[in-house]
Amino acid sequence: MSYHLKTLTQLRAGLASRAFSARELTASFLNRMAVHDGALNSFITQTPEQALAAADFADQRLAAGETGALLGIPYAHKDIFCTAGVRTTCASKMLSHWTAPYDATVHQKLNAAGAILLGKTNMDEFAMGSSNENSAFGVVKNPWDHAAVPGGSSGGSAAAVAARLVPIATGTDTGGSIRQPAAYCGITGIKPTYGRVSRFGMIAYASSLDQGGVLGVSAADCAVMLQVMAGHDARDSTSAPVPVPDYVAQLNQPMAGLRIGVPRQWFTEGLAVSVATRIDDALLELEALGATRVEIDLPDAELALAAYYLIAPAEASSNLSRFDGVRFGHRCDNPRDLNDLYERSRSEGFGAEVQRRILIGTYALSAGYYDAFYVRAQRARRQISAHFARAFESCDVIAGPVAPTVAFDLGAHSADPATMYLEDIYTIPVNLAGLPGMSIPVGFAGGRPVGMQLIGPAFTEGRLLAVAHHYQQHTDWHQQMPAAYREDVV
Amino acid sequence: MSLNATQLKHVAHLSRIALDEAKIPALLNDLNAILAFAGQLQDPKLDALTPMAHPLDQSQFLRADKVTEENNRTALQRGAPAVERGLFLVPKVIE
């Protein structure tokens, strides 16, 4: 049976009616991973034994008539979520042999819902990157074209879902790390409002920006998964005490009268024409479904980029100070003294991009520079947030590009970190303002997928998912798969 | 604003990152390309704005003052590189 061609809703129905077992389903996806992941490298750790044991347990629960939201559904975690008993590396040499002593809240919730973990996916080290080339476990290939990057930092999750090695996966997004890889791999991704999903046990990169979310095939699939992951958590002091609506029920809310704001500053010379054309086609489709297009202003995208590349490294330099070679992970051999132990453990354990960001962040927070860099960046953040507030006075949802181009070639930007940062110009402002954002597939340019970004006011994930769902009811971009991965694996 | 080699070495020490002398010129190039973005932040239009630390301007959520976590030293030390009798081992600090 071609389980990999089914939606999450179909898989849940099949499990509930006992048309197939959780064990058969799990074994089928594990088989796809075994056949295809050698070339893709989308997983850092695969957990087949634990997965099959969990599937057997899910089958017992299903046989007893239980109905968990994800009971028996296989998935993968970005390797940034702590899982007791399965190593968590954050794609860093620093944590290559580290196993968390506890589960992330997201993992606890998915476990409680009966979901079956198939493995932990590759990523940019400590979520710092836009191409998945900054991984101590090697680059990930884009399933659509092995010469292209899958995007990052949740590149492994995106590639695994695009190749249907798993039906759905978790990711995290600090400056675009769910939306950009989702766009590059032709799948659907949602970064919820800051505080919507607990950060407890999600290894911190930039704590005021990080947010966990979902990468899946469709908006309807993402809604089921997000429903389980979302909600207040007393163990995360920044988690929002806001009730979680029924996202699945909200999928069918009507489109009539919906005002879609299109930022005129985002459709300028920085955006590839082929990408702009696909997004325009998608906007025409949404208009045909009853939405109205309104032009809005979202200026200062470059200012947002400048603010982000100080705020995120500043927070990272503080968060990553815990990796000292004493309490966690890697330690250098034969340290001369305590300082040598700290310095060599850290420079051996962290990759080049992580070290660059720690250095920039430390500089931005150091005496004499704090006001000029960090505080100015926080003022800019206020400005960006105000621009969104003004834009949402005249529209309900904002639509635009996710990234300036389609997936670029492996190695294309690795010599110049600053040009790589421009990749995130349309996604970063959303994180600075803490808003929910999505990427949905809207076509192809040169054989590589194009994603459209949808952005809403805080806590309107349900509406974003509904807009995406309506679009996906009338188009089939989200169902398209790279040819090499379409067939059943026997 | 840009970094020179002396400042970089100071920042590297604050960061507890050992720098390879041979890599300093390339690293300075990379870091200064990133800092070049930051010039825009000096725009006077930002002067009057209040710095924003939390994206939703939310205040800290308060919980009841109750003990919820138990001592879990053995499990927490399992990921450490060197532990003996419940203590983290480091090189001799006092000769």
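Predicted model: local features only at pLDDT ≥ 70, side-chain atom pairs only at ≥ 80, totals over all residues.
## Basis of the model

Local features need pLDDT of at least 70, side-chain atom pairs count only at pLDDT 80 or more, and totals for chains, interfaces and linings use all residues. Residues are numbered from 1 along each chain as its sequence is written, while chains are lettered from A and ligands numbered from 1 in the order in which they are written.

## Chain A overall

Chain A has 16 helices and 11 strands. Both are DSSP runs numbered from the N terminus: helices are H or I with at least four residues, strands are E with at least two. The C-alpha trace of chain A spans about 65 × 55 × 45 Å along its principal axes.

Of the 490 residues in chain A, 61% are buried. Buried means that 20 or more other C-beta atoms lie within 10 Å of the residue's own; exposed means 12 or fewer, and partly exposed is in between, with C-beta atoms placed from the backbone. Contacts in chain A with a separation of 6 or more come to 76% from residues 24 or more positions apart. Two residues are in contact if their C-beta atoms, placed from the backbone, lie within 7 Å.

## The enclosed helix H5

Helix H5 of chain A covers residues 155-162, and eight of its eight residues are buried, so it is largely enclosed by the rest of the structure. Among them are A:Gly155, A:Gly156 and A:Ser157. A:Val161 and A:Ala162 are buried too.

Backbone features occur on both sides of H5(A). A:Ser153 sits in the loop between strand E3 (116-121) and H5 of chain A. A cis peptide bond joins A:Gly152 to A:Ser153, with omega of about 10°. Just after H5(A), A:Arg164 has a positive phi of about 55°.

## Paired helices H7 and H16

Helix H7 (residues 219-229) and helix H16 (residues 461-474) of chain A pack at about 155°, with their axes 8 Å apart. Axes are lines fitted to C-alpha atoms, for helices over the stretch in contact, and angles run from 0 to 180 degrees between N-to-C directions. H7(A) and H16(A) are therefore roughly antiparallel to each other. Angles over 145 degrees count as roughly antiparallel, under 35 as roughly parallel, 65 to 115 as roughly perpendicular and the rest as oblique.

H7(A) brings A:Ala219, A:Ala220, A:Cys222, A:Ala223 and A:Leu226 to this contact. H16(A) brings A:Glu461, A:Leu465, A:Ala468, A:His469 and A:Gln472. By class, the contact has seven nonpolar, two polar and one charged residues. Ala, Val, Leu, Ile, Met, Phe, Trp, Tyr, Cys and Pro count as nonpolar, Asp, Glu, Lys and Arg as charged, and the others, Gly among them, as polar.

## Strands around E10

Strand E10 (residues 437-445) of chain A pairs with strand E5 (residues 188-191) in the antiparallel sense over three bridges. E10(A) also pairs with strand E11 (residues 448-455) of chain A, antiparallel, over seven bridges. Two strands pair if DSSP finds at least two bridges between them.

A:Met438 in E10(A) stands opposite A:Ile190. In E11(A), the bridge partner of A:Met438 is A:Leu454. The hairpin of E10(A) and E11(A) has two residues between the strands, and A:Gly446 takes a positive phi near 60° there.

## Where chain A meets chain B

In all, 59 residues of chain A are in contact with 43 residues of chain B. On the chain A side, H10 (301-319), H11 (338-349), H12 (352-365), H13 (370-391), H14 (417-421) and H15 (428-433) each supply at least two residues. H13(A) gives the largest share, 12 residues. By class, this side has 32 nonpolar, 15 polar and 12 charged residues.

H12(A) packs against helix H1 (residues 5-15) of chain B at about 100°, with axes 9 Å apart. The two helices, H12(A) and H1(B), are therefore roughly perpendicular to each other. A:Ile358, A:Leu359, A:Thr362 and A:Tyr363 meet B:Val11, B:Ala12, B:Leu14 and B:Ser15.

## Two loop residues with positive phi

A:Asn41 has a phi near 60°. A:Asn41 lies in the loop between helix H2 (22-40) and strand E1 (43-46) of chain A, and is buried, with 20 other C-beta atoms within 10 Å.

B:Arg85 has a phi near 50°. B:Arg85 is in the loop between strands E1 (83-84) and E2 (87-88) of chain B. With 5 C-beta neighbours inside 10 Å, B:Arg85 counts as exposed.
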